[in-house]
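Thanks for coming. I will go through a handful of local features, one chain after the other, and then stop.

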Amino acid sequence: MSLKNKLHNLKEEYKGKKMAPAFNAIHTFLYAPNETTHSGSHVRGADDLKRTMNTVIMALIPVLLFSMFNAGYQHFAAIDAANGVVREVSVFGNFLTWENFWIGIIKVLPLVVVSYGVGLIVEFIFAVIKGHEVEEGYLVTGMLVPLIVPIDTPLWMLSIAVIFGVVIGKEVFGGTGMNILNPALTIRAFLFFAYPTWMSGDKVWVYDAVNLAGTPDAISGETILGYLAQNKAAEMTYSISDMFFGFIPGSVGETSTFLILLGGLFLIFSKIASWRIMLSAVLGALVMGLMFNGVVSSGWIGETSKFYGLMSFTFWKHLIVGGLAFGIVYMATDPVTGSQTNKGKWFYGFFIGFISVMIRVFNPAYPEGVFLAILLMNVFAPTIDHYVIRGNVKKRLKRLKNATILPNDSASKSEKLKAETV
Amino acid sequence: MSKDIRIKKGLNINLVGKAETVTVKAPDSNVYVINLQDFHGIAPKMLVKEGAEVKAGEALFYNKNHESMLFVSPVSGQLAEIKRGERRKILSLKITAGKTQESIEHQVPNLGSSSAADIKALLLKSGSWPFIKQRPYDVIADPETTPKAIFVSGYVTAPLAAELNYTLKGKEKELQAAISAVSKLTPGKVHVSYGDSSSPLAGLKDAEMHQVSGPHPAGLVGTQINKLDPINKGELVWVITPQDLVIIGELLLTGKFNAERIVALGGSSVKKPQYYTTKIGSEIATFLYASGVNGEKFRVINGDVLTGSKSSQDGYLGFYNNTVTAIPEGDDYEFFGWNKPIFNKISTTRALTFSWLSPKKKYDLTTNTNGEHRAFVVTGQYEEVFPLDIFPMQLLKACMVKDLDEMEQLGLYEVAPEDFSLTEFICISKQPHQQIIREGLDLLQKEIG
């Protein structure tokens, strides 16, 4: 008996039982189900939610691999820097090395494993309790979470945050498709607000910086936004190409704008993510950045202002540092928590970009605005949609004024039936 | 305003097994069945007893809510069985065909001078009235009402559906008679659409003609109504299909209800897809096996694959259908079906699905859902194939939560379940759109009327 038949028999056995959703989740992971259409269209398109989510994961894989190398690279670069050696990045020389990758394996991979493990256990428990199928939403969330946290996040902290994020961010609303806030960002926000001293500052971004702090071997893990927020742009040694290709410290997966851009293009090409949101978010960020540049160049604030560092940062560079690009491509485009109408997506995206840069500049304690901006717009997305839809409703109501409503015509009531009915 | 309709949004579903333009007379069926499910919302009351002899065109039952609305037998013979379900609800009527065929003949009023009431009375008593359907609610029209317009779609875009340009050939006289007659039933216009000038409909008088182009669902009458004269709350529109107009036309010309129609038999499970002349209610097996079938497991569909109803090899041709499709059942598992590249199925995305590479390719689709039912997640996908000025997902959600105000405001009056067949086809969450809309319409009709 083949594996297919064995699993089929098991499925029939489990049918109606409590554990059926858990079994089916594993079964459908191996085999697309044998379900046929019961109502409506007799044939269906090829895509299902698993495929959609899988496509997003594929777009994240290059970012994950890069981040594993970068984890090691930043670690060794920081050690070099502490010893006064300036490192020049060379992709095959000192970046794609086993040494770097090993740091990735021991630091990044556990984050991925814990994120998926804890999150999926919560999902399975809820599916079994509520008797619905395990939905695929967490496949993407579980991949996003390790990529948006600082590398030195302790695993226990991550586990608590994941449980909080999945339960409060998603399951209490009814699971995938019903949540208001992006679960991955809820997890990130929980980490930030529950452990603020740990999650900000200049130590968590590079592996071992926390451990070595205060020792003679202390290394720095300051991000670019951190430098700018402290008006120390001059101390920064990163070139534009470093920023664009991602050889900089930051949250695990957010650094490589180049790979994020490729991932974004892939998602647009495959029609999985909305290009409207991505484009308008980029525009929003540029507009806000330009406005701040304008404020600086017209001399309204001086070099001593604590906002000077970030305000004077060339507007387009906002897109290649910090998590803005990652947020725009992978998080703002979440269809469930984003705007659902095409017109609404333009507004939704624009404000994400706009507010991200605004928060960056005005919140120097933690100079990363994108996750707060997306969460804020998640809350406003239904309102945006509401107004877009009202536009359509208004058009319909306007048309109603000219409606031709004809009276019932009782004259046509024809002769009563005389036939004997059975 | 241009009278032509050009649709851009949509998707043509090209399937294997298109009927060849050859018409064969199907072997006569021994048994004919009228399936009551074809008449949504009709409460039947029988007029003849089980075992009684009926003539072709003789009334079998009437609509309890409109006693003058009769439903007739397609052939003469004996009413062999009244199949009842729970609480004695009538499910179907079985008629064994007699050896000699006799038809009831009606007095036909003079078309030129007859009034709307005359035409209505004739259609009602001859059993042709059920061919007229109304929007909103997609039910058989209420004879006491007057529609603001009547729509006939002669443009076919549904997959494997009968080509009207072919099946209507030579029926121009009947079509014209029917159009002239029904044009008296509305103070507004009769809108008739056609695909190209070779259509037998293209030269009709007493109607406003519209040339339609574009992918499916351009051929659905709902799309055309939305583009020409959308339905507002309180308004009524009637729709008739061209193949039914032929039957009405013949009635007007000869006085007889002739249930004969040309049916396209298609689908990849049919060995020799072609056209058959047969009658409403006849056994599908008579022509299905004349063409031969491929494989063991297949599904026979009364209608096209998007909107038809599930039938079987021993099923019967539906009252409204001029297409019968047979496609393979897809009740099998597919190893890693959710992540491997797909070349043999249709998709609107490019998520390792490659149907965008060859838009002309013909596909052999099965009835597999290609995934499990999920909550609505992805957005913006329906809009790409939905040309109506309506927010499809929001309307579906309004129907699911039974929010009557929202259903009204978002345009439920303007749609029929079939308008959501394409969004249902591409739905990633595998939601039953047509069922949701049908239930929403029923609720709205019950609550608001």
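Predicted model: local features only at pLDDT ≥ 70, side-chain atom pairs only at ≥ 80, totals over all residues.

**Backbone and packing notes**

Is B:Lys430 buried or exposed? It is buried, because 20 other C-beta atoms lie within 10 Å, and the cut-off for buried is 20 or more.

Now B:Lys402. Here too the residue is not a glycine, and phi is positive at about 55°. B:Lys402 belongs to the loop of chain B that runs between helix H7 (392-400) and helix H8 (404-409). With 13 other C-beta atoms within 10 Å, B:Lys402 is partly exposed.

Still in chain B, there are two cis peptide bonds to mention. One joins B:Arg135 to B:Pro136, with omega near 0°. B:Pro136 is in the loop between strand E10 (133-135) and strand E11 (139-140). Another cis bond links B:His216 and B:Pro217, and there omega is about 15°. B:Pro217 is found in the loop between strand E14 (208-213) and helix H4 (221-228).

On to chain A. Which residue carries the UniProt annotation "modified residue: FMN phosphoryl threonine"? According to that record, an unreviewed entry, it is A:Thr223. In the model, A:Thr223 lies in the loop between helix H10 (209-212) and helix H11 (224-229) of chain A. A:Thr223 counts as buried because it has 26 C-beta neighbours inside 10 Å. Setting aside neighbours within four places in sequence, A:Thr223 contacts A:Trp205, A:Pro249 and A:Gly250.

Last, a helix pair in chain A. The axes of helix H5 (residues 98-130) and helix H6 (residues 137-148) come within 8 Å and cross at roughly 145°. The crossing of H5(A) and H6(A) is right-handed.

Which residues meet there? From H5(A) the list includes A:Val108, A:Leu111, A:Val112 and A:Ser115, along with A:Tyr116, A:Gly119, A:Leu120 and A:Glu123. On the H6(A) side they meet A:Tyr138, A:Thr141, A:Gly142, A:Val145 and A:Pro146. By class, this contact of H5(A) with H6(A) has eight nonpolar residues, four polar and one charged.

That is the end of my list. Questions are welcome.

Conventions:
Residues numbered from 1 in each chain as written. Chains lettered and ligands numbered in written order. UniProt positions renumbered as here; feature names shortened; annotations may be inferred. Helix = DSSP H or I, 4+ residues; strand = E, 2+ residues; numbered from the N terminus. Buried ≥ 20, exposed ≤ 12 C-beta atoms within 10 Å, placed from the backbone. Contact = placed C-beta atoms within 7 Å. Axes fitted to C-alpha atoms, helices over the stretch in contact; angles between N-to-C directions. Left-handed = near helix turned anticlockwise from the far one by under 90°. Nonpolar A, V, L, I, M, F, W, Y, C, P; charged D, E, K, R; others polar.
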